[in-house]
Amino acid sequence: MHPETLAIYQNRVTDANAGAVAPPISLSTTFERDADGAFPHGHVYARTSNPNRDALEAALAALEGGFAGLAFSSGQAATMTLLLGLRPGDHVVIGDDAYHGTPALLEELFHPWGLTYTRADFTNLDAIRASIHENTRLVWIETPSNPLLKIADIQAIADLAHEAGAWCACDNTWATPILQRPLDLGCDVVMHSTTKYIGGHSDVLSGALVFKEDGEFYQRVRRYQTLGGAVAAPFDCWMLLRGIKTLTTRVRAQSATALQLAEFLDRHPAVEAVYYPGLETHPGYEIAQKQMTMFGAMLSVQIKDGAEAAMAVAGHVQLFTRATSLGGVESLIEHRASVEGPTTRTPQNLLRISVGLEHADDLIADLEQALFHAKSL
C-alpha cells in the first residue's frame, strides 16, 4: 500500500461492543482471566501490553516496514532501552551532530556503567570506519542530523556496521517513515521521538523503536521495555494513532513550505548560512535525493552578527512560536545553543526552525520583518 492508505488502513479497528469507527481507549491496568486461568485476549497487565499500545506498535512497524514496534513514554526512554540491550564493555559509534540528549545518555548514564562511545563525522565514511573498534556493537545514525541537518548515507553506513558485526540504528524522527525508511536501506532498528511528527500536535510525549526482524537483540530490548516499565500510556497511544492518520499529508505539506523558506533565507543578506538538504548547494543534497522522497520540514539558519542578532530575530517573530521541540502544526523557532546548555557544539548564532502548516507566504513575511528589525538594532 501507499503510505497515505497504510496510515488509515492500519488504524482500522473491529469494535465488538459498539461497532465504533474510532478505536476505543482501553484504560484498564489489569485484565480478567478465564476460569481455566487462560488470558482470552492476550493481556495480563498494562505494563506488559494494552490494546491501544498493541495497535500503535503494529501501525509503526507497518509504516517503517519492520517486524515489530515498541512504544515508550518518550524518545529518550526508547533510546535508553535500546542502549540497555547492549552490554558493559561494548562500544557505540555516534554522529558528531546528534541530538544532544543521545550523547548525554551515553556520557552520564551508560559510560559509568561500562559502555564506551566515539563521535564521528557521519558524512565521512572513512571517519566512521576509523571509529569502529573490535568491540563496537552499535552504530547510531541520525539523518538529517540535529541541528545542522547533515546527511548520512544510510545504506553505506549500515554496510560498514554489519561488516564489523555491529547493529545499525537510525534516529528517523526528523524524516519520518513518510520521507525515509531506514530499514529498507539496511538498518536493524529505527528510533522515533513520536512526540514530534507522528503525534503532530505538540500534545503527547512518547517514543518508539521499530525492529527489522526478530532475534536475540529484539527479544532482549522488548523484555527491558516491559521490565523497566517506561511504556506509552493508553491515551497517548490513542493520540498517536490519531496523528498517524494525517501524518502523510502533514509532513508533505510542511516539507514543501520548508523548502520555500530555505530558498528565501538562502538569498537574504542578513543570513550567514542555511542548513537544509533540499538546497542544491547543501553537501548532502545528492544523498538526500537518493534516500528521501522529500527533504523534511526542519531547517537551521545562522544569522550574521552573532548570537545577539540571532536572539533578536527570534525575539521579533510574530507567527512563529519561540519554543523548543518540533513536528507540530505550528511553526517554532529557537536559539538552539541556549537550549542545549554549556556542553553544546551548536553555533551561537544558529536558529532552528520547525515549519508548521501555516501558509508559506505568511511565514516568509514574518521572517523578513524579524530580520529587518534585528538588523536595525
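Predicted model: local features only at pLDDT ≥ 70, side-chain atom pairs only at ≥ 80, totals over all residues.
Residues are numbered from 1 along each chain as its sequence is written, and side-chain values use heavy atoms, with hydrogens and water left out.

The chain is assigned a domain 1, covering residues 3-242, and a domain 2, covering residues 248-375; such bounds come from an automatic or database domain assignment. The C-alpha centres of domain 1 and domain 2 are 27 Å apart, and the contact between them, where contact means heavy atoms within 4.5 Å, takes 31 residues from domain 1 and 36 residues from domain 2. About 2,800 Å² is buried between domain 1 and domain 2, with 58% of this area given by carbon and sulfur atoms; buried area is the accessible area (1.4 Å probe) that two parts lose on being put together, summed over both. On the side of domain 1, the residues that lose the most area to domain 2 are I151, L179 and Y197, which together make up 26% of what that side buries.

Helix packing is described next, with helices (H or I, at least four residues) and strands (E, at least two) taken as DSSP runs numbered from the N terminus. Axes are lines fitted to C-alpha atoms, for helices over the stretch in contact, and angles run from 0 to 180 degrees between N-to-C directions. Helix α3 (residues 75-84) packs against helix α4 (residues 101-113) at an angle of about 40°, the axes being 11 Å apart. The two helices α3 and α4 are therefore oblique to each other, given that angles under 35 degrees count as roughly parallel, over 145 as roughly antiparallel, 65 to 115 as roughly perpendicular and the rest as oblique. Their crossing is right-handed; a crossing is right-handed if the near helix is turned clockwise from the far one by less than a right angle, and left-handed if anticlockwise. Q76, T79, M80, L83 and L84 of α3 make this contact with G101, T102, L105, L106, L109, F110 and W113 of α4. By class, the contact of α3 with α4 holds eight nonpolar, four polar and no charged residues, where Ala, Val, Leu, Ile, Met, Phe, Trp, Tyr, Cys and Pro count as nonpolar, Asp, Glu, Lys and Arg as charged, and the others, Gly among them, as polar.

Helix α3 also meets helix α8 (residues 216-228), their axes coming within 9 Å and crossing at roughly 125°, and α3 and α8 are therefore oblique to each other. This crossing of α3 with α8 is right-handed, and the contact is made by T81, L82 and L84 of α3 and by F217, V221, Y224 and Q225 of α8. It comprises five nonpolar, two polar and no charged residues.

Helix α2 (residues 51-64) and helix α9 (residues 234-245) pack at an angle of about 35°, with axes 8 Å apart, and their crossing is left-handed. Here N52, R53, A55, L56, A59, L60 and L63 in α2 meet P234, C237, W238, L240, L241 and I244 in α9, and the residues of this contact divide into eleven nonpolar, one polar and one charged.

Turning to the backbone, the peptide bond from T143 to P144 is cis, with omega near -5°, and P144 lies in the loop between β4 (136-142) and α6 (154-163). The bond from N146 to P147 is cis, with omega near 15°, and P147 is placed in the loop between β4 and α6. In the loop between β6 (189-192) and β7 (207-211) lies S202, which has a positive phi of about 55° although it is not a glycine.
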